[in-house]
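Take each solution one step at a time, and try the task yourself before reading on.

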Amino acid sequence: MTTLNVILLAILLHYCGRSEGGTVWPMPQMMSTSKSTLEIPLDFQFESDISTDIIDKAFQRYRKLIFLGPLPANQPAAAVNPNQKKIQSVGNLTKLFVQIDDVTANLTLNSDDSYSLSIHAQPEPVAFLHAKQTWGVLRGLETFSQLIDATYDGFFVKETKIVDYPRFKYRGVMLDSARHYLTLDVILQNLDAMSYNKFNVFHWHIVDDQSFPFVSLTYPQLSRQGSYTPRHVYTPDDVDTVIQYAYERGIRVIVEFDTPGHSSSWRSIPNFLTPCYTKNGIPNGQFGPINPILNSTYVVLEKFFREIKKRFPDQYIHLGGDEVNFDCWKSNPDIQDFMTQHGFADHYELLEQYYEHNLVAIMEKIGLRYIIWQDVVDNNVKVDPNTVVQVWKTSPSYKAELAKVTKMNLQTILSSCWYLNYIGYGRDWERFYRCDPQDFKGSQAQKDLVIGGEACIWGEYVDSTNLMERFWPRASAVSERLWSSAKVNNVDAALPRIDHHRCYQLVRRGLRAQPINGNSFCQAEYNTVMNSRDYDEL
């Protein structure tokens, strides 16, 4: 073993072998602590002068998380270190007072996640959490829960002052439920993990070429003929459950219906996909992207997206637009005639622009804002100034792409360096941690147009059996990059913290988060946790 590995192992043993609170992930903007320690008795309460359903449920949820006490002492991997020295407290903290300025603010792109938290030992033990909006309270409660130190002697917290807010307002996670179906319980567990990491957007890539599991009330044949089986679907009740569960955790749900490509699973709608032809002008029985030249196409799309607007409350939708293969369009004689009539020559990106223009007009008509993949602007499609562009490609350089898109005065989201379905041996989270959405050549005005980023995991080799352990805590590296100050970028300093976060905020809370730093252990090993607790209890 090298000297460096010995040092790293010693650091990890130091952090993992204890249950010390005060290690907050992602790192707050401003935080100070003292040595004065308060004990939290079992009759501890949250108190607020305003009661709402979201806040009341959050109080119940975090009370359970705070008092996840030690597992039975005879367990080989109990939740705390039995050799930890007894903590000396200077008093009891019996309440956390919560103040919210505005409980009516909706959950949107511009929601305020900021909060301040103060825990004082003198002149008497008291704790205050203040937030401008409900969403800041949820972030502050998560931070407070991470400050708690659970020992065999009780629960303790150090005197602490925090002022915190996110660096970026869009902090997303994308799951693909089309290539492999993801069960509802795993989607909800992922939302829990997102809340523990202060992510605030669930980008749901719900359908693709491979399957159409979304049950549409307007076009029920889409899932009947497009899903893998009648059981591999998301019913209206399932969708409502996801949206509500996310909302209670301050997470927006932005659904994606990728068109005109990636649309093979829409085949149940007659005359919707483009028929492909052989070189001899004979239909070959295959179909390509959505047929952009038929008026009926846009009638279907408007009816469908009107349903989506009713069922998904967020003001944004993801329209996809990536990887449109022009070969089928090129082979189709009707499309060739259309191209000639409209003076498009052989510039099929103009046909794509024609489609996108009509699709965007529908969005504006029904009142939806939208996100697109970068391919649309790369193909020189003229887009609406309100468009949000998601940069995902690594070649050419994503930094050049960010510079190009922001120079067009378009808001931008970065995903290029955060495709977590690509696995690297060893500590691959470090490269996620080093990637910064504003690290490109451009003016400050351009960099301000980067509204955040997204950790993505595509489903070719991921389903409900391995999603959580593959994604977490690797995605935690992204969460700190999107929440914390740009100056919080030292991998060596982050290494023991992310390992502690994995053990105490993920595994100990019943989530299958994989080890990512080499040799180490958790005081609360996963099997021991789940043998002693039901996940629903958490």
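A cavity here is a set of grid points where a 1.4 Å probe fits but cannot get out. Please keep in mind that this is a predicted model.

**Exercise 1.** Describe the second largest cavity: which residues line it, and which helix supplies the largest share of the lining?

*Solution.* 
- Step 1: Start with the inventory. Three cavities of 30 Å³ or more are present in the structure, and the second largest cavity holds about 50 Å³ of space.
- Step 2: List the lining. It consists of Arg61, Tyr62, Leu138, Arg139, Glu142, Ser195 and Arg249.
- Step 3: Sort by class. The lining of the second largest cavity has four charged, two nonpolar and one polar residue.

**Exercise 2.** Locate His262, decide whether His262 is buried or exposed, and find its side-chain polar contacts.

*Solution.* 
- Step 1: Look in the loop that runs between strand E10 (252-256) and strand E11 (273-277), where His262 sits.
- Step 2: Apply the cut-off. Buried means under 20% relative accessible area; His262 has 12%, so His262 is buried.
- Step 3: Collect the neighbours. Beyond those within four places in sequence, His262 is in contact with Arg179, Asp208, Asp209, Asp322 and Glu323.
- Step 4: Pick out the polar contacts. The His262 side chain pairs with the side chain of Asp208 at 2.8 Å, and with the side chain of Glu323 at 2.8 Å.

Definitions and conventions. Residues are numbered from 1 along each chain as its sequence is written. This is a predicted model: local features need pLDDT of at least 70, side-chain atom pairs count only at pLDDT 80 or more; totals for chains, interfaces and linings use all residues. Side-chain values use heavy atoms; hydrogens and water are left out. On a 1 Å grid over the protein atoms alone, a cavity is a set of points where a 1.4 Å probe fits but cannot get out, and a pocket is an open set with protein on both sides within 12 Å along at least five of seven lines; lining residues have an atom within 4 Å of a point. Grid points are joined across faces, edges and corners, and a volume is the space filled by probe spheres set on the points. Ala, Val, Leu, Ile, Met, Phe, Trp, Tyr, Cys and Pro count as nonpolar, Asp, Glu, Lys and Arg as charged, and the others, Gly among them, as polar. Helices (H or I, at least four residues) and strands (E, at least two) are DSSP runs, numbered from the N terminus. Buried means under 20% relative accessible area, exposed over 50%, partly exposed in between (1.4 Å probe, protein chains only). A polar contact is a pair of N or O atoms within 3.5 Å; within protein, one must be able to donate a hydrogen and the other to accept it, and residues adjacent in sequence count only if both atoms are side-chain atoms. Contact means heavy atoms within 4.5 Å.
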